[in-house]
Amino acid sequence: MKIRKKKEAPAKAPRTGSSRRQRGQYWKVDEAISPTMIPYLFWREWGKARDRGDYPFLFQLVADHGPAREHWGNDLDAFLEACRRGRSAIPGLAPADLFRIRLEGPAVAHLIQCRHHDERGATSFEAERFYMLRDEQKGWRVHQIDRIDVPREREPKSLRIEDFPPVGQPG
């Protein structure tokens with residue numbers, strides 16, 4: 001019986017990081033989010049960062065003085081610890097389907113996304129509303145995310161912005 005030696009694969013060239021990468025898996029927000037970006041593309045970048053576990057990136061996408069940031073006392077470490085404990089406890093950090101975008105002028109956007117809306121046997125599903133504000137230098141930032149439970153009988157497409165609690169206005 002002959003034993004063949006496996007040929008060694010040619011050495012791969014070292015990978016050069018994308019210009020959007022900062023260090024390791026973390027991306028630079030100012031290179032991924034432009035001031036002219038539309039809310040839908042912002043939401044897509046949010047989802048990509050969530051999927052790769054880039055929580056420092058997500059923290060930077062939250063408005064500095066909004067209720068979403070105040071929940072963690074404006075502390076990145078507290079936010080990262082909450083993310084490590086469980087993404088489902090933090091609104092906006094679990095994968096969901098987008099159902100509605102409503103713009104209120106050039107600087108305010110509402111996005112509604114739903115989770116578990118297509119699961120059999122469920123009595124309800126979760127809906128989240130992103131309330132976003134646009135800064136002329138930074139672009140869109142999440143001011144507040146609200147989550148509600150919706151009875152299964154209701155269609156996700158029928159959800160309206162008014163179904164969510166009032167928004168805490170920025171100071």
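Predicted model: local features only at pLDDT ≥ 70, side-chain atom pairs only at ≥ 80, totals over all residues.
Two strands are taken to pair if DSSP finds at least two bridges between them. Strands (E, at least two residues) and helices (H or I, at least four) are DSSP runs, numbered from the N terminus. Residues are numbered from 1 along each chain as its sequence is written, and side-chain values use heavy atoms, with hydrogens and water left out.

The protein holds 5 helices and 6 strands. Their order from the N terminus is β-β-α-α-α-α-α-β-β-β-β. Of its 171 residues, 40% count as buried. Buried means under 20% relative accessible area, exposed over 50%, and partly exposed in between (1.4 Å probe, protein chains only). The protein exposes about 10,900 Å², of which carbon and sulfur atoms supply 50%. These areas come from the Shrake-Rupley method with a 1.4 Å probe; for residues, only the protein chains shown count as cover. Contact means heavy atoms within 4.5 Å. Among contacts between residues at least 6 apart in sequence, 53% join residues at least 24 apart.

An open sheet of 4 strands has the order S3-S4-S5-S6, and its pairing is antiparallel. Strand S3 (97-103) and strand S6 (139-151) are the edge strands, each pairing on one side only. Neighbouring strands of this sheet are turned by 20° against each other on average, direction ignored. Axes here are lines fitted to C-alpha atoms, for helices over the stretch in contact, and angles run from 0 to 180 degrees between N-to-C directions.

S3 and S4 are joined by 6 bridges. Leu-98 has Gln-113 in S4 as its bridge partner. The hairpin of S3 and S4 has 4 residues between the strands, and in it Gly-105 takes a positive phi near 75°. S4 is joined to S5 by 8 bridges, and Ile-112 stands opposite Arg-129 in S5. The S5 and S6 pair has 12 bridges. Ser-124 has Pro-151 in S6 as its bridge partner.

Strand S4 (residues 108-115) is largely enclosed by the rest of the structure, because 8 of its 8 residues are buried. Both faces are covered: Val-108, His-110, Ile-112 and Cys-114 lie on one side, with Ala-109, Leu-111, Gln-113 and Arg-115 on the other.

Strand S5 (residues 124-135) contains Ala-127. Ala-127 is buried, at a relative accessible area of 0%. Beyond residues up to four places away in sequence, Ala-127 touches Gln-113, Cys-114, Asp-146, Arg-147, Ile-148, Val-150, Leu-159 and Phe-164. The C-alpha atoms of Ala-127 and Val-150 are separated by 6.9 Å, although the residues are 23 apart along the chain. Glu-126 also belongs to S5. Glu-126 is buried as well, at 18%. Outside four places in sequence, its contacts are Gln-113, Cys-114, Arg-115, Arg-147, Ile-148 and Asp-149.

Cys-114 is buried at 1% relative accessibility, and Cys-83 is buried at 4%. A search of the whole structure finds 0 disulfides, a disulfide being a pair of cysteine sulfur atoms within 2.5 Å.

Helix H2 (residues 39-52) has 14 residues and reaches 20 Å from its first C-alpha to its last, close to the expected 20 Å at 1.5 Å a residue. The expected span is 1.5 Å times one less than the number of residues. Buried residues of H2 include Phe-42, Trp-43, Trp-46 and Ala-49. Gly-53 follows H2, with a positive phi near 75°.
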